[in-house]
Amino acid sequence: MKKEAVVLYLKNSSIMKGLQIIYQIAILYAFTWIGNVIHHIFPIPIPGSIIGLILLLICLSLKIIPLKIIENGANFLLAYLPLLFIPAMIGIMNYPSLFSISGAILCLIGIVSTIVTMLVSGTASQFLEKKTLKRKDNKKCSSHLSQSL
Amino acid sequence: MQQSLIAIIVILGTVVVYLAMAKIYARLPNPILIPVLTATTLIILLLLLTNISYDEYMIGGKWINSLLGPAVVALAYPLYKNRHILISYIYPIIVGVLIGLFSGMISGILIAKVFGINRDLILSIIPKSITTPVAIQIATDLGVEPSMTMVFVMIAGFSGVILGPLFLKWSRINSSIGRGIALGSASHALGTSKAFEYGELTASISSVSMTLCAVLGSIFGPIIAWAFHI
């Protein structure tokens, strides 16, 4: 009885959860590593981590890897993702010129280009969506017609 | 020995500052107080005050950086979870994301060229609409400083969150697919967080668009840079 209680306690403790997350991140790390190896061996112009992403997606889809094995680790990394950007972001301390007029122009370029992207992609996809819906409606109509005929 | 001590202090310090800033943001959810921004500003101020260089900070910072690879791989998880949405709207999503990707990169290059911006800066603008961990990777592949690209990634994210809803309304982009693809392919993760306010479907489409944009952007980014002779 006592032993079972201890096992149950261990299973639910935060230490076990922490270990599980570390183990799952190690699996994700292995995918990154394999992706990097593939990137170096074959002349594929895709970054290693993206190759890892595609490999993981294939493994999940073909049920080679159960979702449970990476779920908590992936959720953890994605939840704390902003923390991981900080060291790279701090690099701007080497560019004090950014806080000047040329910095303001660059900021403006970024904003205008983002709005353009948003309007073009949004309008295009909404147009395509309506077109596909219409086509589906037409198909439905024609099938109804053929049935009534 | 001293190196590992510095590394531990840097890692712990960064985590503590980030968690504190995240707590403040949870109390006051204002876009200006987003934890990445406040934490970065605070750490830069601390480094400047204590006269520590970026290279010294990176003795510990590189360990945090090394988690970016697995974080990119982890993006497979939301993509897998939303695979039904991707499959049922495959045509508008793929075409919309490709159009978004190309218009984002090319408009950035052209506007920057009009202003006579130098080559390195134009290269750092190219991956601005792509989620940060992948944008860092693309910037490195293009041979530019990732921190510069990150500034543009942040600008793209914030202009999408703050100005996005206004422009979406004005241009009558009102379907879940239109809004999701617009926010996800222009403003990556920050846009996706905004998409949640339009509902679950918009957010899922935004998340799928963001991930597809990252995968396709890592392929097309260098090609576009090459095509425009940068």
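How many cavities of 30 Å³ or more does a search of the whole structure find? The search of this predicted model finds 1 such cavity.

## Cavity

The largest cavity has a volume of about 40 Å³. Its lining consists of B:G100, B:L101, B:G104, B:M105, B:I126, B:K128, B:S129, B:I130, B:S185 and B:C213. Helix α7 of chain B, which covers residues 90-114, makes the greatest contribution to this lining, with 4 residues.

## Largest pocket

The largest pocket holds about 1100 Å³ of space. It is lined by 34 residues, of which A:L78, B:A189, B:L190, B:T192 and B:S193 are the closest to its centre.

Both chains supply elements that give two or more residues to this lining: α4 and α5 from chain A, and α2 (35-50), α5, α10 (146-170), α11 (176-195) and α12 from chain B. The most is given by α11(B), with 6 residues.

## Nonpolar cores

The largest nonpolar core comprises 97 residues, and A:I86, A:I90 and B:Y57 have the most contacts inside it. Helix α12 of chain B (residues 200-227) gives the most to this core, namely 10 residues. Another core, of 10 residues, lies apart from the largest one; A:I115, B:I173, B:A182 and B:A186 are among its members.

With neighbours within four places in sequence left aside, B:Y57 has contacts in both chains. In chain A these are A:I86, A:P87 and A:I90; in chain B they are B:V10, B:T14, B:I43, B:L47 and B:I52.

## Helix α4 of chain A

The buried residues of α4(A) are A:I70, A:G73, A:A74 and A:L77. Viewed down the helix axis, they fall within an arc of 105° and therefore line one face of the helix. The face turned away from that buried side carries the exposed residues A:K68 and A:A79. Packing against the buried residues of α4(A) are α2 (14-41), α3 (48-61) and α5 (81-90) of chain A, together with α4 (68-74) and α5 (76-81) of chain B.

A:S125 is located in helix α6 of chain A, residues 101-148. Is this residue buried or exposed? Its relative accessibility is 0%, and A:S125 therefore counts as buried. Apart from neighbours within four places in sequence, A:S125 is in contact with the chain B residues B:P92, B:G96, B:I177, B:G178 and B:I181.

B:V17 belongs to helix α1 of chain B, residues 2-27. Its relative accessible area is 14%; because buried means under 20%, B:V17 is classed as buried. When residues up to four places away in sequence are not counted, B:V17 touches B:A39, B:L42 and B:I43. B:S204 stands 187 residues from B:V17 along the chain, and the C-alpha atoms of the two are separated by 31 Å.

Note on methods. Residues are numbered from 1 along each chain as its sequence is written. Chains are lettered from A and ligands numbered from 1 in the order in which they are written. This is a predicted model: local features need pLDDT of at least 70, side-chain atom pairs count only at pLDDT 80 or more; totals for chains, interfaces and linings use all residues. Side-chain values use heavy atoms; hydrogens and water are left out. A nonpolar core is a set of buried Ala, Val, Leu, Ile, Met, Phe, Trp, Tyr and Cys residues joined through side-chain atoms within 4.5 Å. Buried means under 20% relative accessible area, exposed over 50%, partly exposed in between (1.4 Å probe, protein chains only). Contact means heavy atoms within 4.5 Å. The arc is that of the directions from the helix axis to the C-beta atoms. On a 1 Å grid over the protein atoms alone, a cavity is a set of points where a 1.4 Å probe fits but cannot get out, and a pocket is an open set with protein on both sides within 12 Å along at least five of seven lines; lining residues have an atom within 4 Å of a point. Grid points are joined across faces, edges and corners, and a volume is the space filled by probe spheres set on the points.
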